[in-house]
Amino acid sequence: MRIKLLALIATICSTFAAYGADNWKHDIFVAQDGSGDYTTITEALEGVRAYMDYTVTIHIAPGVYKEKVVIPSWLKNVVFEGSGAENTIITWNDHANINKMGTFRTYTVRVDGDNLTFRNLTIENNAPRLGQAVALHTEGDCLKFENCRLLGDQDTLFTGGEHTRLYFNNCYIEGTTDFIFGPATAYFKDCTIHSKVNSYITAASTPKDVAVGYVFDSCRLTAAPEANSVYLGRPWRPYAHTVFIDCEMGGHIRSEGWHNWNNADNEQTARYGEYGSKGPGGNMTGRVAWAKTLDEATAAELRSLCKIFSLQSKWCPSGCCKTECCKK
């Protein structure tokens with residue numbers, strides 16, 4: 001009897017083990033035509049094990065995914081791999097004036113998890129211009145966005161989460177007013193930043209105790225034909241930190257560069273600067289007196305991802321450098 005009972009227990013355990021091995025996959029496929037594991041991105045999140053110590057890739061087939069997606073805090077080490085930024089599109093259309101929704105509930109995609117990568121896809125808020133409408137809202141730490149498009153109007157990208165770190169590489173980000181805003185440390189490398197109207201690009205709210213807010217490195221600042229008077233940024237909070245390094249700036253950038261948000265006190269605390277700006281809008285001689293022209297050493301320091309990201313803890317985007325502070 002005892003032998004039979006042990007055999008039954010062993011059978012049950014092996015069944016559960018086999019189920020677990022099949023259920024928790026390293027590669028998950030999303031396709032609207034039913035050819036994958038799931039037809040929506042939201043459903044696919046249920047197929048990812050919480051707090052994994054291995055990487056799962058969610059492959060998203062071409063299509064327009066009309067979803068309001070929340071990636072919860074217990075999902076980590078996931079790669080969201082689209083089929084090309086123009087082919088895989090996640091879209092929604094909430095805006096702040098719908099039932100008094102307010103800015104921070106309007107997101108198309110909200111990311112609360114850590115150590116996540118988004119690649120080769122578009123995140124869009126296509127609401128009419130009736131108020132703030134966030135496309136991407138981040139709260140998680142150690143997030144990477146590669147070859148992505150972020151499309152919207154006012155408040156396209158909210159970099160939430162104090163003391164969190166974001167890395168954008170070769171991305172296209174467009175909007176109207178304050179379309180890159182928030183408290184996180186965010187590094188933009190080789191990105192196109194596109195203004196659709198005359199307004200402000202950034203509205204950082206960097207906390208006083210955080211050394212680095214936004215760094216734009218070798219980016220291209222472009223504009224729609226009707227946009228010919230755009231500020232680089234204004235401080236959403238007093239200690240906003242934003243710098244542009246070796247960026248190509250179109251003629252839409254105003255000569256003074258920066259705005260104090262109609263508060264002269266912000267001029268004493270906001271941390272704004274440039275180094276090596278180029279193009280019709282890159283002449284720094286007319287910039288406001290309270291913004292800095294960075295020296296070469298400071299610019300080089302701000303370009304060191306390992307240095308600025310390790311100010312919070314030891315993390316760097318894979319491949320960005322080879323020092324001990326990087327986690328591969």
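Two strands are taken to pair if DSSP finds at least two bridges between them, strands being DSSP runs of E of at least two residues and helices runs of H or I of at least four, both numbered from the N terminus. In this predicted model, local features need pLDDT of at least 70 and side-chain atom pairs count only at pLDDT 80 or more, whereas totals for chains, interfaces and linings use all residues. Residues are numbered from 1 along each chain as its sequence is written, and side-chain values use heavy atoms, with hydrogens and water left out.

Strands β9 (residues 122–125) and β12 (residues 149–151) pair in the parallel sense over three bridges; I123 has L150 of β12 as its bridge partner. Both strands belong to an open, parallel-paired sheet of eight strands in the order β3-β6-β9-β12-β15-β18-β21-β24. At its edges stand β3 (63–66) and β24 (248–249), each with a single partner strand, so one side of each lacks a neighbour in the sheet.

F168 lies in strand β14 (residues 165–169) and is buried, with a relative accessible area of 0% (buried, under 20%; exposed, over 50%; partly exposed, in between; 1.4 Å probe, protein chains only).
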